[in-house]
Amino acid sequence: MMKRIPEPELMLDDEQARAYAEADFESAHSLYPVLFAKLFPHRPERALVLDLGCGPCDVTRRFATANPGYRFHAVDGSAAMLAHAPRHPRIKLIHGYLPAVRLSARTYDVILASSLLHHLPDPAVLWQTVHRYAAAGTLVFVVDLRRPATRSAAKILTRKYAAGEPAILQRDFDNSLLAAFTPVEVRRQLAAAGLQWLRVRTITDRHLVVAGECPQ
Ligand SMILES: C[S@@+](CC[C@H](N)C(=O)[O-])C[C@H]1O[C@@H](n2cnc3c(N)ncnc32)[C@H](O)[C@@H]1O
């Protein structure tokens with residue numbers, strides 16, 4: 001298995017942010033609210049949701065549409081990415097860096113993170129934040145890329161899923177695959193963070209999901 005090659009943490013570059021905001025993530029992102037509903041059939045109708053590393057909020061907006069009783073605190077460390085997030089009455093954008101950011105709610109009913117984990121030099125930052133803002137009953141849904149076994153397997157996935165995108169996005173996608181964690185590595189991270197109640201599942205040829213309900 002090839003070693004992880006981290007990529008820059010924050011997506012601060014304007015051109016990169018624009019390419020990301022204009023990309024077509026329909027095939028992956030449309031799955032997430034459906035999978036969330038399937039994993040949590042007894043989810044609350046009303047909830048305050050924390051979305052970590054929200055970027056231009058494409059995933060946030062999909063969850064908002066699928067869950068009309070949900071309000072969102074959407075956090076990102078990149079002003080360039082937040083500048084591409086359209087205004088939404090139930091989504092409050094917060095420019096803040098994890099783990100230092102101080103949020104206005106003490107805990108959240110739902111915690112989401114889509115494609116944040118592979119950006120973090122230290123993945124424990126995500127799990128510490130989940131620990132801090134989860135309470136009994138909090139639903140956690142973290143989705144991310146998973147690292148292929150070889151560079152050529154990553155190239156094949158990039159060709160399959162990003163061929164129609166601008167070169168900058170193809171490069172980003174390839175780098176993201178190389179920076180992603182494997183399910184085995186994520187399970188180790190969860191054990192180290194004391195988050196054994198979160199379960200890791202492989203959902204597509206390039207994604208994994210980490211989900212669970214906080215017991216205490
Ligand atoms: C690949 S984007 C994902 C955006 C969105 N969640 C999605 O699924 O389309 C990752 C985002 O995480 C942000 N990010 C990375 N590290 C962060 C940190 N430590 N604190 C806050 N935001 C961070 C980046 O700026 C970037 O906007």
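The model is predicted: local features need pLDDT of at least 70, side-chain atom pairs count only at pLDDT 80 or more, and totals for chains, interfaces and linings use all residues. Residues are numbered from 1 along each chain as its sequence is written, and side-chain values use heavy atoms, without hydrogens and water.

**Exercise 1.** Describe the shell around the ligand and its polar contacts.

*Solution.* 
Step 1. Look for N or O pairs within 3.5 Å. A polar side-chain atom of Glu9 is 2.8 Å from a ligand nitrogen. A polar backbone atom of Gly53 lies 2.7 Å from a nitrogen atom of the ligand. In Ser114, a side-chain N or O atom is 2.5 Å from a ligand oxygen.
Step 2. Check the cover. Alone, the ligand exposes 610 Å² (Shrake-Rupley method, 1.4 Å probe). The protein buries 99% of that.

**Exercise 2.** Find the aromatic pairs and classify two of them.

*Solution.* 
Step 1. Pair rings of Phe, Tyr and Trp (its six-membered ring) with centres within 6.5 Å; planes under 30 degrees apart are stacked, over 60 edge-to-face, the rest tilted. The whole structure holds six aromatic pairs.
Step 2. Tyr20 and Phe25 have ring centres 4.7 Å apart and planes at 45°, so this pair is tilted.
Step 3. For Phe36 and Phe141, the centres are 5.7 Å apart and the planes at 85°, so the pair is edge-to-face.

Methods. Polar contact = N/O pair within 3.5 Å; in protein donor to acceptor, adjacent residues only side chain to side chain.
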